[in-house]
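Student: I would like to learn how to read a protein model. Can we take one feature at a time?

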Amino acid sequence: ILIHADTGKILYEKEANKTMYPASTTKIMTAILVLENEQLTDIATVSSNAVKSIPEGYSHASLQIGEQFTVEQLLHVLLIPSANDAANVLAEHVAGSVAEFANMMNQKAIEIGCKNTHFVNPSGIHSNDHYSTAYDLALIGQYAMKNNIFRSIVRKTSCSLPATKQYGLDDRVFTTTNALLKPNSNLEINNYYYPYAIGIKTGFTTPAGNCLVAQSSNNGLDFIVTVLDSNLSDALKYILSAHESNAFLSYDLGIGAG
């Protein structure tokens, strides 16, 4: 689905209300609840469950049991390298448990206007009972991007965590999973850099396939695209086509020629 970010008007859709697995685009909702319930300077402690419940093969930030980080630090590793351990730590910090946090996620989804979304964890680790739709995720992305802190984090291309007593190295340096944000000189098909991209979140699991909620901004027009079970080139195609059609879209959206 492709929507106008300001008005929510749908410009293109295909099976937009089909329930599918969202993978780590789930973390958009996690960040929303953290930002609405905690201060950036609050301190969260890494629990054993937050670390040990991450299945092998899923992304993580090498968080160690007993480490303490600010909410701001954890939000960065949640949204930039998509760390699943950070998602658990934040969920426990906000709600006391992952299960209770999932209840908060589902309630917030209803408040935002989602119709076909159900979360069971804060990370997007696969579960058959954890699903959403392209339309619902576009709504969640639109809501999240109204928060200036969220908006500033998801357009960054790197972040890091400091050494601690539990982890003595300073090698926890991470880069974004969003290839639309990373300039490079690669002329191959997998060079997805798009200069007008300003976020938002990628996701991947084998059952979910490639997932992306992205926003672009150019010539006063902002668009949000959600693509599930596909590849990044599809999302880039939709967003690029929208910006190349600015004159038509501006007229169609009722905001004047541009």
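Student: What does the accessible surface of the protein chain come to, and what percentage of it belongs to carbon and sulfur atoms?

Tutor: This is a predicted model. The accessible surface of its protein chain comes to about 11,500 Å², and carbon and sulfur atoms hold 48% of that.

Student: How many helices and strands does the secondary structure come to?

Tutor: The protein chain has 9 helices and 9 strands. Of its 258 residues, 52% count as buried.

Student: Which residues of helix 1 and helix 4 meet?

Tutor: From helix 1 come Lys27, Val34 and Asn37; from helix 4 come Asn84, Ala87, Leu90 and Val94. By class, this contact has 4 nonpolar, 2 polar and 1 charged residues.

Student: How many aromatic pairs does a search of the whole structure find?

Tutor: The search finds 1 aromatic pair. Its members are tyrosine 194 and tyrosine 196, with ring centres 5.4 Å apart.

Student: Why is the pair of tyrosine 194 and tyrosine 196 edge-to-face?

Tutor: Planes over 60 degrees apart count as edge-to-face. The planes of tyrosine 194 and tyrosine 196 are at 80 degrees, so the pair falls in that class.

Student: Is tyrosine 194 buried or exposed?

Tutor: Buried means under 20% relative accessible area. Tyrosine 194 has 6%, so it is buried, whereas tyrosine 196, with 33%, is partly exposed.

Terms used: Residues numbered from 1 in each chain as written. Predicted model: local features only at pLDDT ≥ 70, side-chain atom pairs only at ≥ 80, totals over all residues. Heavy atoms only, no water. Helix = DSSP H or I, 4+ residues; strand = E, 2+ residues; numbered from the N terminus. Buried < 20%, exposed > 50% of the residue type's maximum accessible area, 1.4 Å probe, protein only. Areas by Shrake-Rupley, 256 points an atom, 1.4 Å probe, with all protein chains shown as cover. Contact = heavy atoms within 4.5 Å. Nonpolar A, V, L, I, M, F, W, Y, C, P; charged D, E, K, R; others polar. Phe/Tyr/Trp six-rings, centres within 6.5 Å; stacked < 30°, edge-to-face > 60°.
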